[in-house]
Amino acid sequence: MADDSGSSINGPDSLAGALLYVAIGLAIASYGGYDYVQQTEAVRDSVQVNATITQLSIETGSGTSSNPGTEYEPIVEFAYTYNGTQYTGTKLYPATIEQDYETRSGAESAIEGYEQGGQTTAYVEPNEPGDAFLKNKTSNAPLIAIGIGGIFTLASAASAVRKL
């Protein structure tokens with residue numbers, strides 16, 4: 001497919017390259033699925049603990065080549081104690097894949113209600129007490145990874161079929 005700049009995007013040059021891309025797409029989608037299952041279990045199994053917000057800010061990033069533009073990431077750090085041991089947490093949601101926002105106001109809304117030095121409730125999965133989170137609900141970030149991986153896999157599979 002050619003665009004006005006004269007460059008073209010034809011996919012991988014060989015069947016092996018196309019199959020490699022299929023494997024990469026499957027890996028991305030699989031990781032998203034794994035992370036979604038893990039966060040669902042964390043929400044289900046978590047217990048509440050008292051926490052103190054120690055840091056609260058918004059970091060600005062420059063996006064990626066596939067998603068150019070400014071991205072905003074809410075940064076939160078909190079201290080909590082579980083079974084007599086002190087921990088520091090940094091996660092809003094139980095997902096490993098962090099959610100970035102396209103607008104500053106979107107990132108601010110994610111940490112709305114939290115104040116630096118303020119008390120809040122954190123959630124701890126008893127078998128992973130050092131991995132607490134503040135919002136006891138699932139994030140859509142793993143679902144986005146599943147979607148991106150799925151689309152990448154389908155496009156790569158179509159390219160592989162054309163190479164046959």
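Let me start with helix α1, residues 15-45. It has 31 residues and reaches 45 Å from its first C-alpha to its last, close to the 45 Å expected at 1.5 Å a residue. Bear in mind that this is a predicted model.

Which residues of α1 are buried? They are G17, A18, V22, G25, A29, G32, D35, Q39 and A42.

I will stay with one of these, D35, which lies in helix α1. The cut-off for buried is under 20% relative accessible area. D35 has 1% relative accessibility, so D35 counts as buried. The C-alpha atom of D35 is also separated by 9.0 Å from that of L143, and those two residues are 108 residues apart along the chain.

Next, the largest nonpolar core. This core has 20 residues, and the ones that touch the most other members are F78, Y80, L92 and L134. Where do the core residues come from? At least two each are supplied by β1 (47-63), β2 (68-82), α2 (104-110) and β4 (119-125). The largest share is from β2, with five residues.

Last, a loop. Between β2 and β3 (85-89) there is a loop, and N83 is found in it. N83 is not a glycine, yet its phi is positive, about 50°. For background, most residues other than glycine have a negative phi. Is N83 buried or exposed? The cut-off for exposed is over 50%. The relative accessible area of N83 is 68%, so N83 is exposed.

Methods
Residues are numbered from 1 along each chain as its sequence is written. This is a predicted model: local features need pLDDT of at least 70, side-chain atom pairs count only at pLDDT 80 or more; totals for chains, interfaces and linings use all residues. Side-chain values use heavy atoms; hydrogens and water are left out. Helices (H or I, at least four residues) and strands (E, at least two) are DSSP runs, numbered from the N terminus. The expected span of a helix is 1.5 Å times one less than its number of residues. Buried means under 20% relative accessible area, exposed over 50%, partly exposed in between (1.4 Å probe, protein chains only). A nonpolar core is a set of buried Ala, Val, Leu, Ile, Met, Phe, Trp, Tyr and Cys residues joined through side-chain atoms within 4.5 Å.
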